[in-house]
Structures are given as structure tokens and as C-alpha cells.
Number of protein chains: 2
Amino acid sequence: MNSEFDIIHRYFKRIDSRAILGIGDDAALINIAPGAELAISTDTLVCGRHFFADADPNKLGHKSLAVNLSDMAAMGAEPRWALLALTLPEALVQPQQTWLQQFSAGFFALADRHCIELIGGDTTAGPLNINIQIIGTVDAGQALRRSGARPDDDIWVSGVLGSAALALQHELGNIALADAEIDNCMSALLTPVPRIDLGRRLIGLAHSAIDISDGLVADLGHILESSHVSGVIHLADIPCLPQLKIRLTQPLAVHCLLAGGDDYELCFTAPRVHREQINKLAIELKIPLTRIGKILIGEEGLIVKDAHDVVLTLEHTGYDHFSARSR
Amino acid sequence: MNSEFDIIHRYFKRIDSRAILGIGDDAALINIAPGAELAISTDTLVCGRHFFADADPNKLGHKSLAVNLSDMAAMGAEPRWALLALTLPEALVQPQQTWLQQFSAGFFALADRHCIELIGGDTTAGPLNINIQIIGTVDAGQALRRSGARPDDDIWVSGVLGSAALALQHELGNIALADAEIDNCMSALLTPVPRIDLGRRLIGLAHSAIDISDGLVADLGHILESSHVSGVIHLADIPCLPQLKIRLTQPLAVHCLLAGGDDYELCFTAPRVHREQINKLAIELKIPLTRIGKILIGEEGLIVKDAHDVVLTLEHTGYDHFSARSR
């Protein structure tokens, strides 16, 4: 079966890009005026694939926009405008239904927080499919790219990882979280917080950045591949909730942390010389920023070491939309 | 049931738009630099709703882009960049499948003809859903809007109308076209030609414009409503293929012409003083441009008169994605 990356590379990526940055980063960049660039991205959430059919529509409105804002954060761009293409089953548009009211309330609550204007869209009937396009601005030449990592850079992540995946595994009945543990994990899954301020403040500090949507190993892998470098990270250093930490003897918990995806945190690389500034930024923004490894020379990919410095074998390295994994 | 327009107005349209032109035209306009604006639009094609499941993927690639380019044409904008969000059933991404290869070939053949660059997108698994976002440029203040029609303007349409609807009715078994008649109609349905050059050349000539996607009566109705005017058109003057003309005694044929939709021609209004220039433009671009009526004062909506000057009663005034009409 063709993977998502196969599909893009085989059928849709072309060599002769005239945009500043075309397919293959968190957003495309186009030059619009001297000194200014637009960052443009699109993300789709499909019912039964990215969310359950009975998902809370308010939270879905939030998350649909949040995953798109996360792409802007990864570029260091300021999101400005959004378009919303909704494909809706007829049952959801009956007059007595409140689905649309709740969905739009969740969407606009997040949009208003970031002064984002909904400028257009399309509404069609069919199986539930939520597509958003987001357009942001960034100073020319300043956007954070996947391709800028350099040997000896520190590898950093924001927030904690694996919480959303843990919540999903709980929902699927594969892990049993105690009641007291559920809230944090469920809000990571249902209402992720895009790291927009962080992304913008990392301009000038970070050499490269990506948002973690497919899982740390897969997304950090994109940085390494685009930058033609390799890297090493330490499992014990990856920040996660205590409820995940205590389960890290289980392979499924390790999978949640490294490859669960849906984190919408930023993974970025930065030179050692900026360590202190980045630590100060963490305090200022009240967002944990944690060093988890470093960039190495060569193109051997990513090494993950456990607490005993033993290299882990990674079977599931990330979320592929056409892999066998279902949810 | 909520109509598409109800949904947009009730849940997604807001008063305090900061964009130059937000929700409610063929594209949104945002100011990006002194003298320049971006026109941005998105359109989705849903399997089973906008096309049959066994549709030729090459033609589908063409049409998916064409319907978006038609929105740029209606604004007088030059389309420049596109994003493609594809939701694909797993069966279509099997290695032996040629669907993606054919789809991308159809997409790029049209994109290349207009120097449009695919700069991004998203690929997810799920029921087939094709969403494209198109971004174009237009000189500041020059875009053709729905809201510019003025009393005494001529009402014009490009090309011929009703052909795509006739082909669809043939496919559905409601009208039997002879073999010799089918080709023209099927190509109108499957590979519409967006009127980009025409749209750009209408800047300075037309007061208002829209592309006819939902049917002439519905789309011209949007111009009248946005412009706070009314209008009259003459059925006998509306250009259509001979195979439709000879059937105009049948209500279904009249429906195809007035409300069939999927035409992707432009409907525009222009002052009398530009008649000669518009006729010259038709010859230069080799596109029929036909006067079908005129704009009147008042807000009584649209009157359609038959060959005997009798006012027609219009039951089905346009395509609504949540109406009972299925295809």
C-alpha cells in the first residue's frame, strides 16, 4: 500500500517549485511583498479516522482549528485568516440539531483568542469531513523550517508528549487510566493548545522546527531527513505526564510517547549557545521546554536510547494515514 | 432542514470582518501589499454528490481544479497557487491502482495551462473527498464582486448554459440524448473550462460578476441580492446547445438551463456603454458572450420571461447542497 509520503512524493511533488517553500514542510511560503511572506497550510479531520462519530462538536471545532494553528506555530508564523470546508451528513444539519452551533462556538472561541478571521469556505453534504486552510504572515526569510538543523544542535520539545495517545488507548480499552488521571490526557487529545507564541519567539533561536502531529520519532525524523543530519534522543528525558512515566515498562506506553502522535507540541533544534535564552523563554511563556537529545553528523537517522544507554528498536515510528492502525 | 446559505449565515458569518471582502462572494480578498490583493477560495467535490464513484480520475483531477479556478475567474483574479486536501478510500491507494496517477495527471494538465503551482495539501484516509484551495492575485480595488450591479446594466453570460445538467439528466436516464449529442454535453459536465482570461479582461468593463455553479437563477440571484437590485432575463435569449434548445418545451429542459448548475460560465453585468467592447472581447477570446436581460431598480428579485413575454414560475431555483436533489 502507498504511504501518505509515497503518495505526495510520487504523484504531487514536483521539482520546479517557484514558491519560496513548496510541499514538504509544515506550511508553504510565498513571497507577497518586500519583507513579508505568507505561510499557508491545510489539514483535514475525518470522522472515524481522526475523531469518533460521537465526538463533542464544540471540542471538535477547537481541535480542527488547533491542528492547523500548530502548523503555523511550527513555522514561527502569525496565523491571520482561515477558510473552512465542511462536508456534513444531512443528519447534522436538521433544524433541531445543535451540532453546527456547538462546532462553530468551539471554532470561534479559539479563533478569537488568536484574532484569526474566517474569510471563506465551502459547505457540502456527505460523510463528515472537516478541512481548514490557515494563512499566516512571517517576516521574509525568518520562517522556521524543517531543514535547518545542524550538527551539535540541542533537540528540544515543548510541553509533555504522549498524553493524547494515552487517552486514545484508554478510550480503546487498551490501557486503563484511573479517574483522576483521565482529565489531563483527555484534554490533550480533544483540545490541544497550539504553541503559536512559542513558535514566533523561537525565530532567531531555533535552527529548525516541526510540530508533533504524527509522533516524535516520525516528526523529528522529518527534521533529520530534510536537514541531512542524524540525531540521538534519550527516552528518560522526554517529558510526559506521571501516568505515562510509570507505565514506560510497557511497550504500548513507549509507543504512546514516541509514536502516538496528536501531541501538537513543537520539536525544534537550537545551538547550545541559546540554551539559557530558551530556558528563560520557557519560564516567561510558562511552557515546559526540555532538551531531549542532540543532532549528529551523518544521515543514519534517529537513535533512541533507554535509561541504560541501550538503543531501542522502533517498530512503529509514526502515524501514517494509510497504515493498518485504526482508531 | 438548514440550507447551505442558512448554515453559513447562521453559524459562520460575522459582522466585524477585517478582510477587504470576507464570506459571501466567489472568493475572499485580503490586502497583502500596496496595490495588491489576494483572492482566496475553496471548493470541495464529494463522491456520490458531485461525481459518481466510477468517475474517470483524470477528468476528476481536471474538474476539481476547474471549479476552483472558476471562482478566481469570477473575481477577475489571476490564480497562482493551489493546495489539495485529498481524503482517499484505502482501495484507491493500493499499489496496483492507477487512480492517483490519473487524478494528478488531470490536475496538473490544467494547472500547467494556467501556471498554477501546487504548494501544499493533506492526504488522509476516508470516504473520497476532494478539497482544493486556490489563491490568486488581483490589483487592489479591481476585483469583480457580486455587489456591483447597477440599474440599467445589461446582464450577460459567457458560453452556453445547461449542457452539464443535460448530460447529468442523460446519465440518470431522465432524458435520452442521441449519440451524436452526447459528447458536447459530457465534456461540459466532466471537463468544464474555467473562464480565467475572460474574468481578467472584464475588469473595467463589468460592474459585477459571479460564476454559475449552482444554476443561472440562483447565481444571478446572488448578484441581485448583494447589489440590492432586481432583474429580468429572457428565456429565449439564454444561450444553449441545439439539443437543449429543441427540448425547451419540457420542464426538465428548462430546469437544466435555468437551475441545472455545474455550468462554470460567468454571469456578469455591465453598463450599456460597454456593449461594443464586450462584443469585441467575445470575438478576441473566441468565447460567446450573450446579453440575456437587464438590471432593474428595486429589490423584487429575478423575473424570467418566456418567448411570449409571460413570466415563468420558478420552482427549483438552484442547487442547494442540502436539498433533496440527489445525483
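Helix H2 (residues 57–75) of chain B lies across E7 and strand E9 (266–270) of chain B, running at about 175° to E7(B). Helices (H or I, at least four residues) and strands (E, at least two) are DSSP runs numbered from the N terminus. Angles run from 0 to 180 degrees between N-to-C directions, and axes are lines fitted to C-alpha atoms, for helices over the stretch in contact.

This is a predicted model, in which local features need pLDDT of at least 70. Residues are numbered from 1 along each chain as its sequence is written, and chains are lettered from A in the order in which they are written.

In chain B, an open sheet of 6 strands is ordered E7-E9-E6-E10-E8-E11, with mixed pairing. Two strands pair if DSSP finds at least two bridges between them. The edge strands each have a single partner strand, so one side of each is left without a neighbour in the sheet.

| Edge strand | Residues |
|---|---|
| E7(B) | 208–211 |
| E11(B) | 302–305 |

Neighbouring strands of this sheet are turned by 25° against each other on average, direction ignored. Strand E8 (residues 230–234) of chain B pairs with E11(B) in the parallel sense over 4 bridges. Gly231(B) stands opposite Leu302(B) in E11(B).

In chain A, helix H2 (residues 57–75) and helix H3 (residues 99–113) pack at an angle of about 40°, with their axes 6 Å apart. That makes H2(A) oblique to H3(A); angles under 35 degrees count as roughly parallel, over 145 as roughly antiparallel, 65 to 115 as roughly perpendicular and the rest as oblique. Residues in contact (heavy atoms within 4.5 Å) include Leu65(A) of H2(A) and Phe103(A) of H3(A).

How values were computed. This is a predicted model: local features need pLDDT of at least 70, side-chain atom pairs count only at pLDDT 80 or more; totals for chains, interfaces and linings use all residues. Side-chain values use heavy atoms; hydrogens and water are left out.
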